[in-house]
Structures are given as structure tokens and as C-alpha cells.
Amino acid sequence: MATVSVRLPWSNNPGPYALPHLGWVATNPAYQRQGKAKELIDWVIQEYVAKDLKAAAVSLGTALEHPWLRKTYQKLGFDEVETVRKFPDHQTVYLVKVLDEARYVKAKSIVSKNH
């Protein structure tokens, strides 16, 4: 019905930040507008990203040209971080959902000190 992939920071195909990244979200057209992808995103974040990976946050990206997707992700608790042009035909908006504010702030400060 729906699929969500998770790209890990230590993998050969990491996301844009040192966080787990939801790299592919899709819904079978026969099940669209039923909330299946939202349910799956919530489950993946809670059961895998938060519980198993113990990540402080998770990221995802969507095309700027698809504002309805950005609004959907914002309703799920994601906040915009930056917009980049990786491809000539569209811009990508990256969003992050913070799961543990204290650990997220600490990790960001460590990264900024090292750069």
C-alpha cells in the first residue's frame, strides 16, 4: 500500500545530514488519500528511528514544486531546514523532525565546532 525507505548516515547512500533520512515515500495509487503513508511514516519514526536507532532527529526531502507534500510533512512535525538545487528541473526542500531536543541541540553544537 505504501513504502518508506530509511537512508542511514553511515551507509553508502546517506541523507544530507548526519541523521537517518526518509529517502523514499510512496503510496500505491489505489490507496492514496487514505493516510497509509502518514501511518507508515509515523510507525517507522517511532519504532525504528526513535526506538531502535535512538536518533535525536530524522530528515526528509521533497521538491519545492510540490508544496502540498511540504505541508503534509509539516503536519507530521517536520520543520524546514534548507532549500537546495541538486537538479536543474527542481529544488529540494529538506525538513527535520526533532525527536529529542536536548540531544539534537548537543549534536548540532558538536558538529558546528568541528567545522
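Q: Which element gives the largest share of the lining of the largest pocket?
A: S2, with seven residues. Strands (E, at least two residues) and helices (H or I, at least four) are DSSP runs, numbered from the N terminus. A pocket is an open set of points on a 1 Å grid over the protein atoms alone, where a 1.4 Å probe fits, with protein on both sides within 12 Å along at least five of seven lines; lining residues have an atom within 4 Å of a point.

Q: Before we go on, what kind of model is this?
A: The model is predicted: local features need pLDDT of at least 70, side-chain atom pairs count only at pLDDT 80 or more, and totals for chains, interfaces and linings use all residues. Residues are numbered from 1 along each chain as its sequence is written, and side-chain values use heavy atoms, with hydrogens and water left out.

Q: Back to the pocket. What is its volume?
A: The largest pocket has about 950 Å³. That volume is the space filled by probe spheres set on the points, which are joined across faces, edges and corners.

Q: Which residues lie nearest its centre?
A: Val25, Ala26, Thr62, Leu69 and Tyr73, out of 32 lining residues.

Q: How does S2 pair with S1?
A: S1 (residues 2-7) and S2 (residues 21-27) run antiparallel, joined by six bridges. Pairing takes at least two DSSP bridges between two strands. Arg7 stands opposite His21 in S2.

Q: And which residue in S3 is the bridge partner of His21?
A: Ser59. S2 and S3 (residues 57-63) pair in the parallel sense, over two bridges. Between them the chain passes through H1 (residues 36-50), in a right-handed β-α-β crossover. Right-handed means that, with the strands pointing away from the viewer, the path from the first strand over the helix to the second runs clockwise.

Q: New topic, Arg70. Buried or exposed?
A: Arg70 is buried, because its relative accessible area is 17%. The cut-offs are under 20% for buried and over 50% for exposed, with partly exposed in between (1.4 Å probe, protein chains only). Arg70 lies in H2 (residues 67-75).

Q: What does its side chain make a polar contact with?
A: The side chain of Glu80, at 3.1 Å. A polar contact is a pair of N or O atoms within 3.5 Å; within protein, one must be able to donate a hydrogen and the other to accept it, and residues adjacent in sequence count only if both atoms are side-chain atoms.

Q: What about Glu82, which side chain does it join in a polar contact?
A: Tyr17, at 2.8 Å. Glu82 is partly exposed, at 34% relative accessible area.
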